[in-house]
Amino acid sequence: MLVAILLTACSARPPQAGVTPLPASATPSSVKPAAPTASSTATLLSCRIPVMLSTPAGQPAGAWITFPTGAVESDPTSLIDRTGSYQGISYDRAFNRWIPADWNHISPDGRRYIRDGVSGAQEIVDVATGAKRSIAMPSARGIWTVVDYTPSGIYLTQMAGEGPVDPGLWLLNPDSGQLRQLDGTQFWSQVDAKSAWGVAPSPATGATLLSRLDFHTGTLSTELAVPYHTPLQPGDRLLELISLDAQGRPLVLLRDWQKPYPWRLAILTAPATLQDVHIPDEWAAGWPMWDNGDPFQSGRDLHGLLLTKGIWMYGTNSFPGLALLTPDGVLTQVATAPNNIFAIGGGCH
C-alpha cells in the first residue's frame, strides 16, 4: 500500500498549553467565502514539476507538467524497476533520475532513501550505488510508517495493520540506526524543524483534536478542537490536516455536514484561529456535501505538499490537475490536467 506523502516546513510559533475549542465566531459559514483579488500565479510560474499518474493496469508512470502552459508530457524513463517496493516514484534531482520512493522517504540531499526491508526491518538505499543497509526495528503491533526524512533524521509513526496499533512518534538516525521514541500518545502526520502535528479523536469530549508536539520542550498542546461524533450530530465537523505552510502553520480542511456549503479550507494562524483560503469556484461546483447520501464514502481526497513556491495540491475525485497555495494565501488552480495525478514527485524547477 502506498504511504501518503508528507512534508517538512519551518515553524515559528511558540508552544501552547491546554485544550482550545474552536470559538463560535470561527465556525464555518453557510455562505461561501468571498474570492480574493485575482492572482497571476499561473502566468508567473516558469518551471516544470514531476507527478506520478495512476493507471488502471500496470505500474504507475511519471510525467511532467510545464508552466505557464500547463502542458503534460509523459516520461518513459519513469518506468523503473520497483521490485520489492510498495512506494510510489519520485524524481531525484541530485542524480536526475526517477527512483522508487515516495517524496517523504528521500533524504534532503537526494543521496539516500528509506524503504521497507525484510522481517520488519528498514533499509537505507544509496541512490548512486544501489547499496542497501538494513536497520532492525523493534517489534510493533502496527506497521512502521515514515512521516518524513529530514535533516534531523527520519521520523516514523505506526499505521494500523490487522489489529491494534501502538501510537507515537519515533526518530531514526539513518547513520547509527539508533531509534528514539518522542511520543506515545497518538498518530502524527506532519513534522517540521520544531514540532509535530497530528489529528486524533477525543472520545471523552466528542471532538476531533489538532495537536502539536514541541520538539524542544516535549510539550503537548491542542491547537484546534471541532465537534465530531459517530453517528453524526448537528454541528459536527470533520477535521483533516492537509499540510504545513512555510511558516509551519497547519492548512486544514473542515467538512461541516450541516451546512449548504460544507467545505472550508483554512490556515491555523493561532490556537483556535482560522484564516480562510478561498476555494476555486470550479472545486465548489464539483464538491457536493457527500456522494450517495453517505458522508463517510464521499471519495473526495485533498492532498498538499510544501515545495518550491508554496503548497502544491492535488485531489482524488476533487479536481483535475494541480493547484498552488502561495505564501500570500491565494489558492490558484495552475493546471487543469491530467485528471489522474496520484502523487507529486518533487519540486517545480
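User: Happy to dig in with you! Of the 349 residues of the protein, what percentage count as buried?
Analyst: Good place to start. This is a predicted model, in which local features need pLDDT of at least 70 and side-chain atom pairs need pLDDT 80 or more, while totals for chains, interfaces and linings use all residues. Residues are numbered from 1 along each chain as its sequence is written, and side-chain values use heavy atoms, without hydrogens and water. Buried means under 20% relative accessible area, exposed over 50%, and partly exposed in between, with a 1.4 Å probe and protein chains only. By that cut-off, the buried share of the 349 residues is 51%.

User: Thanks! How many helices and strands does the protein have?
Analyst: Both are DSSP runs numbered from the N terminus, where helices (H or I) need at least four residues and strands (E) at least two. Counted that way, the protein has two helices and 25 strands.

User: What share of the contacts with a separation of 6 or more is between residues 24 or more positions apart?
Analyst: A contact here means heavy atoms within 4.5 Å. Among contacts in the protein with a separation of 6 or more, the part from residues 24 or more positions apart is 45%.

User: How many salt bridges turn up in the whole structure?
Analyst: The criterion is a side-chain nitrogen of Lys or Arg within 4 Å of a carboxyl oxygen of Asp or Glu. Side chains of opposite charge can pair when their charged atoms come close. Searching the whole structure gives a count of seven.

User: Which parts does the pair of Arg141 and Asp166 tie together, and how far apart in sequence are they?
Analyst: The two side chains form a salt bridge with an N to O distance of 3.0 Å. Arg141 sits in the loop between strand E8 (132-135) and strand E9 (143-150), and Asp166 in the loop between strand E10 (153-159) and strand E11 (169-172), so the pair links parts separated in sequence by 25 residues.

User: Is Arg255, the salt-bridge partner of Glu240, buried or exposed?
Analyst: The closest N and O atoms of Glu240 and Arg255 are 2.7 Å apart. Glu240 belongs to strand E17 (residues 237-244) and Arg255 to strand E18 (residues 250-256), so this pair ties together parts 15 residues apart in sequence. With 3% relative accessibility, Arg255 is buried.

User: What are the relative accessible areas of Arg264 and Asp276?
Analyst: These side chains meet in a salt bridge at 2.5 Å, N to O. Arg264 is in strand E19 (residues 263-270) and Asp276 in strand E20 (residues 273-277), so the pair joins parts 12 residues apart in sequence. Arg264 is buried at 9%, whereas Asp276 is partly exposed at 36%.

User: Last one: with which side chain does Thr217 make a polar contact?
Analyst: Thr217 is in the loop between strand E15 (207-214) and strand E16 (220-227), and counts as exposed at 51% relative accessibility. A polar contact is a pair of N or O atoms within 3.5 Å; within protein, one must be able to donate a hydrogen and the other to accept it, and residues adjacent in sequence count only if both atoms are side-chain atoms. At 2.7 Å, the partner side chain is that of Thr219.
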